[in-house]
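Keep the sequence and the 3D view open as you read.

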Amino acid sequence: MGIVNVTPDSFSDGGRLGHDAIAHARQLVAEGADILDIGGESTRPGAPPVSVQEELDRVLPVIEGLQDISVPISIDTFKPEVMRAAIACGVQMVNDINALQDEAAMQAVAGSQVAVCLMHKQGDPQTMQNQPVYLDVVEEVSEFLRARIEAAVSAGIARERITIDPGFGFGKTLAHNLALLREMQRYTALGVPVLAGLSRKSMLGILTGQEAGQRMPASVAAALIAVQRGAAVVRVHDVRATVDALKVWNAINGDGR
Ligand code: HH2
(Lines give C-alpha, C1' and ligand atoms only; values in the text may rest on other atoms or scores of the structure.)
Protein backbone atom coordinates (compact mmCIF):
# COMPACT_ATOMS: atom_id res chain seq x y z
CA MET A 1 0.00 0.00 0.00
CA GLY A 2 1.58 3.26 -1.17
CA ILE A 3 0.96 6.36 0.95
CA VAL A 4 -0.35 9.48 -0.79
CA ASN A 5 -0.56 12.27 1.77
CA VAL A 6 -2.47 15.23 0.32
CA THR A 7 -1.54 17.45 3.25
CA PRO A 8 0.72 20.43 3.90
CA ASP A 9 1.94 18.96 7.20
CA SER A 10 2.41 15.18 7.19
CA PHE A 11 5.38 14.26 9.32
CA SER A 12 7.64 12.95 6.57
CA ASP A 13 6.19 13.91 3.19
CA GLY A 14 3.73 16.80 3.51
CA GLY A 15 3.28 19.41 0.79
CA ARG A 16 2.03 17.38 -2.19
CA LEU A 17 -1.37 18.73 -3.21
CA GLY A 18 -3.55 18.44 -6.35
CA HIS A 19 -1.63 17.50 -9.52
CA ASP A 20 1.51 16.85 -7.53
CA ALA A 21 -0.27 14.22 -5.45
CA ILE A 22 -1.77 12.61 -8.57
CA ALA A 23 1.65 12.38 -10.21
CA HIS A 24 3.11 10.94 -7.01
CA ALA A 25 0.33 8.34 -6.82
CA ARG A 26 1.01 7.26 -10.42
CA GLN A 27 4.71 6.99 -9.62
CA LEU A 28 3.98 4.71 -6.64
CA VAL A 29 1.91 2.39 -8.86
CA ALA A 30 4.72 2.33 -11.44
CA GLU A 31 7.05 1.31 -8.59
CA GLY A 32 4.81 -1.63 -7.66
CA ALA A 33 2.16 -0.41 -5.21
CA ASP A 34 -0.88 -2.73 -5.23
CA ILE A 35 -3.11 -0.27 -3.31
CA LEU A 36 -3.00 3.53 -2.91
CA ASP A 37 -3.94 5.09 0.44
CA ILE A 38 -5.02 8.70 0.01
CA GLY A 39 -5.25 10.92 3.08
CA GLY A 40 -6.10 14.60 3.53
CA GLU A 41 -5.38 15.06 7.24
CA SER A 42 -2.14 14.42 9.09
CA THR A 43 -2.53 12.21 12.15
CA ARG A 44 1.00 12.71 13.42
CA PRO A 45 1.17 13.40 17.18
CA GLY A 46 0.04 16.99 17.81
CA ALA A 47 -1.36 17.56 14.29
CA PRO A 48 -4.02 20.31 14.06
CA PRO A 49 -7.53 19.12 13.05
CA VAL A 50 -8.79 19.75 9.49
CA SER A 51 -12.43 20.62 8.62
CA VAL A 52 -14.57 18.26 6.55
CA GLN A 53 -14.66 20.76 3.67
CA GLU A 54 -10.89 21.26 3.68
CA GLU A 55 -10.31 17.50 3.69
CA LEU A 56 -12.79 17.00 0.83
CA ASP A 57 -11.15 19.81 -1.16
CA ARG A 58 -7.82 18.04 -0.78
CA VAL A 59 -8.70 14.41 -1.48
CA LEU A 60 -11.60 14.43 -3.97
CA PRO A 61 -9.67 16.04 -6.87
CA VAL A 62 -6.92 13.45 -6.36
CA ILE A 63 -9.35 10.51 -6.33
CA GLU A 64 -11.07 11.94 -9.42
CA GLY A 65 -7.73 12.39 -11.13
CA LEU A 66 -6.94 8.70 -10.57
CA GLN A 67 -10.15 7.22 -12.01
CA ASP A 68 -8.14 5.30 -14.64
CA ILE A 69 -5.57 3.85 -12.20
CA SER A 70 -5.13 0.07 -12.26
CA VAL A 71 -5.06 -0.50 -8.47
CA PRO A 72 -7.70 -0.07 -5.74
CA ILE A 73 -7.80 3.25 -3.90
CA SER A 74 -8.21 3.49 -0.12
CA ILE A 75 -9.35 6.68 1.63
CA ASP A 76 -7.48 7.37 4.88
CA THR A 77 -10.05 9.23 6.98
CA PHE A 78 -12.05 8.93 10.20
CA LYS A 79 -14.75 11.38 9.07
CA PRO A 80 -18.05 9.79 7.91
CA GLU A 81 -18.74 12.65 5.46
CA VAL A 82 -15.38 12.14 3.76
CA MET A 83 -15.93 8.37 3.67
CA ARG A 84 -19.31 8.82 1.95
CA ALA A 85 -17.98 11.28 -0.62
CA ALA A 86 -14.93 9.13 -1.39
CA ILE A 87 -17.08 5.98 -1.72
CA ALA A 88 -19.39 7.87 -4.12
CA CYS A 89 -16.24 8.80 -6.04
CA GLY A 90 -15.29 5.12 -6.44
CA VAL A 91 -12.75 4.24 -3.74
CA GLN A 92 -12.65 0.55 -2.84
CA MET A 93 -11.46 0.80 0.76
CA VAL A 94 -11.90 2.96 3.86
CA ASN A 95 -8.88 3.15 6.16
CA ASP A 96 -10.21 4.39 9.51
CA ILE A 97 -7.73 5.05 12.33
CA ASN A 98 -10.82 5.19 14.57
CA ALA A 99 -11.90 1.61 13.65
CA LEU A 100 -15.51 2.69 12.81
CA GLN A 101 -16.21 3.58 16.45
CA ASP A 102 -18.24 6.56 15.18
CA GLU A 103 -21.68 5.11 14.39
CA ALA A 104 -22.01 7.33 11.30
CA ALA A 105 -18.70 5.95 9.99
CA MET A 106 -19.93 2.40 10.61
CA GLN A 107 -23.11 3.18 8.64
CA ALA A 108 -21.17 4.82 5.81
CA VAL A 109 -19.15 1.62 5.28
CA ALA A 110 -21.97 -0.84 6.08
CA GLY A 111 -24.19 0.84 3.49
CA SER A 112 -21.60 0.25 0.76
CA GLN A 113 -19.59 -2.66 -0.62
CA VAL A 114 -16.11 -1.28 0.13
CA ALA A 115 -13.39 -2.93 2.20
CA VAL A 116 -12.35 -1.44 5.53
CA CYS A 117 -9.22 -1.28 7.67
CA LEU A 118 -9.90 -1.14 11.42
CA MET A 119 -6.95 0.35 13.34
CA HIS A 120 -6.18 0.47 17.04
CA LYS A 121 -5.15 3.72 18.71
CA GLN A 122 -5.10 4.94 22.28
CA GLY A 123 -6.28 8.55 22.69
CA ASP A 124 -6.39 11.21 19.96
CA PRO A 125 -3.60 12.49 17.72
CA GLN A 126 -3.29 15.73 19.76
CA THR A 127 -2.39 13.94 22.99
CA MET A 128 -1.85 10.25 22.24
CA GLN A 129 1.92 10.25 22.75
CA ASN A 130 1.79 12.06 26.12
CA GLN A 131 1.86 8.98 28.31
CA PRO A 132 0.38 5.86 26.76
CA VAL A 133 -0.34 3.18 29.37
CA TYR A 134 -1.29 -0.49 28.97
CA LEU A 135 -1.25 -3.42 31.37
CA ASP A 136 -0.57 -5.78 28.44
CA VAL A 137 -0.34 -3.94 25.13
CA VAL A 138 -0.40 -7.04 22.91
CA GLU A 139 -3.49 -8.44 24.64
CA GLU A 140 -5.35 -5.12 24.86
CA VAL A 141 -4.81 -4.31 21.17
CA SER A 142 -5.84 -7.84 20.22
CA GLU A 143 -9.02 -7.67 22.31
CA PHE A 144 -9.90 -4.25 20.85
CA LEU A 145 -9.44 -5.48 17.27
CA ARG A 146 -11.43 -8.66 17.95
CA ALA A 147 -14.30 -6.57 19.35
CA ARG A 148 -14.20 -4.14 16.40
CA ILE A 149 -14.32 -7.02 13.89
CA GLU A 150 -17.41 -8.35 15.68
CA ALA A 151 -19.01 -4.87 15.78
CA ALA A 152 -18.43 -4.42 12.05
CA VAL A 153 -19.79 -7.89 11.25
CA SER A 154 -22.86 -7.18 13.41
CA ALA A 155 -23.42 -3.96 11.46
CA GLY A 156 -23.53 -5.98 8.23
CA ILE A 157 -19.92 -5.72 7.02
CA ALA A 158 -18.86 -9.18 5.83
CA ARG A 159 -15.66 -10.53 7.41
CA GLU A 160 -14.13 -10.79 3.92
CA ARG A 161 -14.22 -6.99 3.68
CA ILE A 162 -12.24 -6.41 6.89
CA THR A 163 -8.52 -5.79 7.50
CA ILE A 164 -7.05 -4.98 10.93
CA ASP A 165 -4.06 -2.91 12.04
CA PRO A 166 -2.39 -2.68 15.50
CA GLY A 167 -1.70 1.02 14.81
CA PHE A 168 2.05 1.48 15.30
CA GLY A 169 2.81 4.84 16.91
CA PHE A 170 -0.79 5.67 17.80
CA GLY A 171 -0.60 6.05 21.58
CA LYS A 172 2.36 3.67 21.97
CA THR A 173 5.88 3.93 23.35
CA LEU A 174 8.86 2.34 21.61
CA ALA A 175 8.52 -0.69 23.90
CA HIS A 176 4.81 -1.02 23.04
CA ASN A 177 5.52 -0.79 19.29
CA LEU A 178 8.28 -3.40 19.48
CA ALA A 179 6.03 -5.77 21.44
CA LEU A 180 3.29 -5.40 18.80
CA LEU A 181 5.72 -6.13 15.97
CA ARG A 182 7.27 -9.05 17.82
CA GLU A 183 3.84 -10.57 18.47
CA MET A 184 2.30 -9.79 15.07
CA GLN A 185 1.05 -13.38 14.83
CA ARG A 186 -1.45 -12.65 17.60
CA TYR A 187 -3.28 -10.45 15.12
CA THR A 188 -3.14 -12.79 12.14
CA ALA A 189 -4.80 -15.32 14.48
CA LEU A 190 -7.92 -13.11 14.48
CA GLY A 191 -8.72 -14.50 11.03
CA VAL A 192 -8.63 -11.42 8.79
CA PRO A 193 -5.68 -9.84 6.92
CA VAL A 194 -3.34 -7.63 8.97
CA LEU A 195 -1.99 -4.28 7.77
CA ALA A 196 1.19 -2.81 9.26
CA GLY A 197 2.10 0.88 9.05
CA LEU A 198 5.66 1.38 10.25
CA SER A 199 7.03 3.55 7.46
CA ARG A 200 9.33 6.37 8.67
CA LYS A 201 7.66 6.36 12.09
CA SER A 202 9.32 7.86 15.15
CA MET A 203 10.02 4.43 16.67
CA LEU A 204 12.45 3.95 13.76
CA GLY A 205 13.93 7.38 14.50
CA ILE A 206 14.52 6.36 18.10
CA LEU A 207 16.17 3.10 17.03
CA THR A 208 18.41 4.62 14.33
CA GLY A 209 18.85 8.27 15.32
CA GLN A 210 17.68 9.29 11.82
CA GLU A 211 15.32 12.12 10.83
CA ALA A 212 12.04 11.12 9.11
CA GLY A 213 13.45 11.66 5.59
CA GLN A 214 16.38 9.34 6.32
CA ARG A 215 14.41 6.37 7.64
CA MET A 216 13.98 4.43 4.41
CA PRO A 217 16.39 1.56 5.24
CA ALA A 218 14.84 1.17 8.71
CA SER A 219 11.36 1.29 7.17
CA VAL A 220 12.19 -1.44 4.67
CA ALA A 221 13.58 -3.61 7.47
CA ALA A 222 10.44 -3.04 9.54
CA ALA A 223 8.13 -3.83 6.60
CA LEU A 224 10.04 -7.06 5.92
CA ILE A 225 9.78 -8.12 9.57
CA ALA A 226 6.04 -7.39 9.54
CA VAL A 227 5.53 -9.50 6.41
CA GLN A 228 7.65 -12.32 7.83
CA ARG A 229 5.38 -12.28 10.87
CA GLY A 230 2.22 -12.47 8.80
CA ALA A 231 1.23 -8.96 7.69
CA ALA A 232 -0.69 -9.12 4.40
CA VAL A 233 -0.36 -5.40 3.65
CA VAL A 234 2.40 -2.93 4.47
CA ARG A 235 1.58 0.78 4.28
CA VAL A 236 4.74 2.51 3.03
CA HIS A 237 6.14 5.75 1.61
CA ASP A 238 9.11 4.09 -0.15
CA VAL A 239 7.37 1.69 -2.50
CA ARG A 240 10.25 0.75 -4.82
CA ALA A 241 12.65 -0.15 -2.02
CA THR A 242 9.98 -2.11 -0.15
CA VAL A 243 8.88 -4.02 -3.27
CA ASP A 244 12.50 -4.98 -3.98
CA ALA A 245 13.00 -6.26 -0.43
CA LEU A 246 9.78 -8.27 -0.60
CA LYS A 247 10.78 -9.77 -3.97
CA VAL A 248 13.91 -11.18 -2.37
CA TRP A 249 11.94 -12.51 0.59
CA ASN A 250 9.25 -13.98 -1.69
CA ALA A 251 11.89 -15.80 -3.76
CA ILE A 252 12.85 -17.73 -0.65
CA ASN A 253 9.66 -17.97 1.37
CA GLY A 254 6.71 -16.80 -0.61
CA ASP A 255 5.16 -17.42 -3.98
CA GLY A 256 8.39 -16.89 -5.92
CA ARG A 257 7.21 -13.65 -7.61
N1 HH2 B 1 -0.36 5.71 9.99
C2 HH2 B 1 -0.59 6.99 9.60
C3 HH2 B 1 -1.77 7.33 8.94
N4 HH2 B 1 -2.71 6.40 8.67
N5 HH2 B 1 -3.45 4.16 8.75
C6 HH2 B 1 -3.25 2.89 9.12
N7 HH2 B 1 -4.17 1.94 8.84
N8 HH2 B 1 -2.11 2.49 9.78
C9 HH2 B 1 -1.12 3.39 10.10
O10 HH2 B 1 -0.12 2.98 10.72
C11 HH2 B 1 -1.29 4.76 9.72
C12 HH2 B 1 -2.50 5.11 9.03
C13 HH2 B 1 0.46 8.04 9.89
O14 HH2 B 1 1.45 8.08 8.91
P15 HH2 B 1 1.54 9.10 7.66
O16 HH2 B 1 0.32 9.04 6.81
O17 HH2 B 1 2.80 8.82 6.98
O18 HH2 B 1 1.68 10.53 8.31
P19 HH2 B 1 0.64 11.69 8.65
O20 HH2 B 1 -0.39 11.13 9.55
O21 HH2 B 1 1.50 12.74 9.31
O22 HH2 B 1 0.03 12.16 7.35
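Predicted model: local features only at pLDDT ≥ 70, side-chain atom pairs only at ≥ 80, totals over all residues.

## Where α5 meets α6

Take one of those partners, α5. Helix α5 covers residues 137–154, and helix α6 covers residues 174–182. Their axes lie 9 Å apart, and the two helices pack at an angle of about 65°. Angles of 65 to 115 degrees count as roughly perpendicular, so α5 is roughly perpendicular to α6. The crossing of α5 past α6 is right-handed.

Which residues make this contact? From α5 come Val 137, Val 138 and Val 141. From α6 come His 176, Ala 179 and Leu 180. Five residues of this contact are nonpolar, one is polar and none is charged.

## Where α3 meets α4

Now move to helix α3 (residues 80–88) and helix α4 (residues 103–110). Their axes are 8 Å apart, and the packing angle is about 10°. Angles under 35 degrees count as roughly parallel, so α3 and α4 are roughly parallel to each other. α3 passes α4 in a left-handed crossing.

On the α3 side, the contact uses Pro 80, Met 83, Arg 84 and Ile 87. On the α4 side, it uses Ala 104, Ala 105, Gln 107, Ala 108 and Val 109. Sorted by class, this contact of α3 with α4 has seven nonpolar residues, one polar and one charged.

## Where α1 meets α2

Four residues of α1 take part: Gly 18, Ala 21, Ile 22 and Arg 26. They meet Pro 61, Val 62 and Gly 65 in α2. By class, the contact of α1 with α2 has four nonpolar residues, two polar and one charged.

## A closer look at Val 52

Val 52 sits in helix α2. Is Val 52 buried, partly exposed or exposed? Its relative accessible area is 26%. Buried means under 20% and exposed means over 50%, so Val 52 is partly exposed.

Along the chain, Val 52 and Val 82 are 30 residues apart. Their C-alpha atoms are separated by 6.8 Å. Leaving out residues up to four places away in sequence, Val 52 touches Lys 79, Glu 81 and Val 82.

## Cysteines

How many disulfides does the structure hold? The count is zero. Cys 89 has a relative accessibility of 14%, so it counts as buried. Cys 117 has 0%, so it counts as buried too.

Methods: Residues numbered from 1 in each chain as written. Heavy atoms only, no water. Disulfide = S-S within 2.5 Å. Buried < 20%, exposed > 50% of the residue type's maximum accessible area, 1.4 Å probe, protein only. Axes fitted to C-alpha atoms, helices over the stretch in contact; angles between N-to-C directions. Parallel < 35°, antiparallel > 145°, perpendicular 65-115°, else oblique. Left-handed = near helix turned anticlockwise from the far one by under 90°. Contact = heavy atoms within 4.5 Å. Nonpolar A, V, L, I, M, F, W, Y, C, P; charged D, E, K, R; others polar.
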